[in-house]
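Have the model open while you read. We'll go helix by helix, then stop at a few single residues.

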Amino acid sequence: MSDNGWPADRMDTENAHSARIYDYILGGKDFYPADQEAGDAMAREWPALPVHMRANRDWMNRAVRRLAEEAGMRQFLDIGTGIPTSPNLHEIAQSVAPESRVVYVDNDPIVLTLSQGLLSSTPEGKTAYIEADFQDPEAVLNSPEVRETLDLGKPVALTVIAIVHFVLDEDDAVGIVRRLLEPLPSGSHLAMTVGTADFAPKEVGRVAREYAARNMPMRLRTIDEAHEFFEGLELVEPGIVQVHTWHPDGTGEQGVRDEDIAMYGAVARKP
């Protein structure tokens, strides 16, 4: 076992990992020296990186709250959960509707070990965690955890946050998302963020090169490419925008510049 209690034979502590870099930059504690080195190198290339990552996290909080409050969503399927950071998705949804049911999906052994915190739930609701690769949508949707926690005959909010920029063209990120959405009924929603270099191409490009140098190649997308994920869906106002401009509520970091954000965010309804 590692010092953190993770299975030592499944933990690669010598190489940086995207989830641990994210955790480090957000001020977490579940990272190793390689992740700290990588995060520091990336922040040197683009000092706005921490602002950008916090804005993405704040967007998730706002989007989930609005899905629960305004769209009436009571079921959530969260793809690419990452290392738990409070408040997590189920805490936000269940604070609005205690009966909300949430399934978290990730293929990282770190998240698997830390998933106990994801399994806490209100008595009225339920949470579950499955270790699966979202690039195999059928395995996710047919898993016992999904089938026993969610009723796929009722609307589901599919959340795909800060992950598709790690899916290259040959792996067909748009097709993966569509296959996850396909069996979900009318009234379901897609909430996702899409990494972009539209606003600070040089700086974000340098960060992408730092990721690629650590065997984490990225595929950053334009606004037109982001729209491909939402074809056939009904975009919720204001559509696909930078995450810090999507229904700001005054609780996130103030004075954020457009050039400090490299992520589009949107919520859409399946007709």
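A quick word on naming: helices here are DSSP runs of H or I with at least four residues, strands are runs of E with at least two, and both are numbered from the N terminus. What you're looking at is a predicted model, where local features need pLDDT of at least 70 and side-chain atom pairs count only at pLDDT 80 or more, while totals for chains, interfaces and linings use all residues. Residues are numbered from 1 along each chain as its sequence is written, and side-chain values use heavy atoms, with hydrogens and water left out.

Start with α1. Just after this helix, G27 takes a positive phi of about 90°. Is α1 itself enclosed or open? Six of its eight residues are buried, so α1 is largely enclosed by the rest of the structure. Buried here means under 20% relative accessible area, exposed means over 50%, and partly exposed is in between, using a 1.4 Å probe and protein chains only. The buried ones are A19, R20, I21, D23, Y24 and I25. They pack against α2, α3, α5 (109–114) and α9, with contact meaning heavy atoms within 4.5 Å.

Now for how the helices sit against each other. Two packed helices are described by the angle between their axes and the distance between the axes. The axes are lines fitted to C-alpha atoms, for helices over the stretch in contact, and angles run from 0 to 180 degrees between N-to-C directions. For α1 (residues 18–25) and α2, the axes come within 9 Å and cross at roughly 65°. That makes α1 roughly perpendicular to α2; the cut-offs are 65 to 115 degrees for roughly perpendicular, under 35 for roughly parallel, over 145 for roughly antiparallel, and oblique for the rest. On the α1 side you'll find R20, I21, Y24 and I25, meeting D35, Q36, A38, G39, D40 and M42 of α2. By type, the residues of this α1–α2 contact split into five nonpolar, two polar and three charged. Nonpolar covers Ala, Val, Leu, Ile, Met, Phe, Trp, Tyr, Cys and Pro, charged covers Asp, Glu, Lys and Arg, and polar covers the others, Gly among them.

Follow α2 (residues 33–45) on to α9 (residues 201–213): this pair packs at about 160°, with axes 8 Å apart. The two helices, α2 and α9, are therefore roughly antiparallel. Here α2 contributes A41, M42 and E45, while α9 brings E203, R206, V207, E210 and Y211. That α2–α9 contact is made of four nonpolar, no polar and four charged residues.

On to some single residues. H52 is found in helix α3 (residues 49–69), and its 7% relative accessibility makes H52 count as buried. Leaving aside residues up to four places away in sequence, H52 touches W46, D260, I261, A262 and M263.

V146 lies in helix α7 (residues 144–149) and is buried, with a relative accessible area of 0%. Skipping residues up to four places away in sequence, V146 touches L77, V103, I130, V140, L141 and L152.
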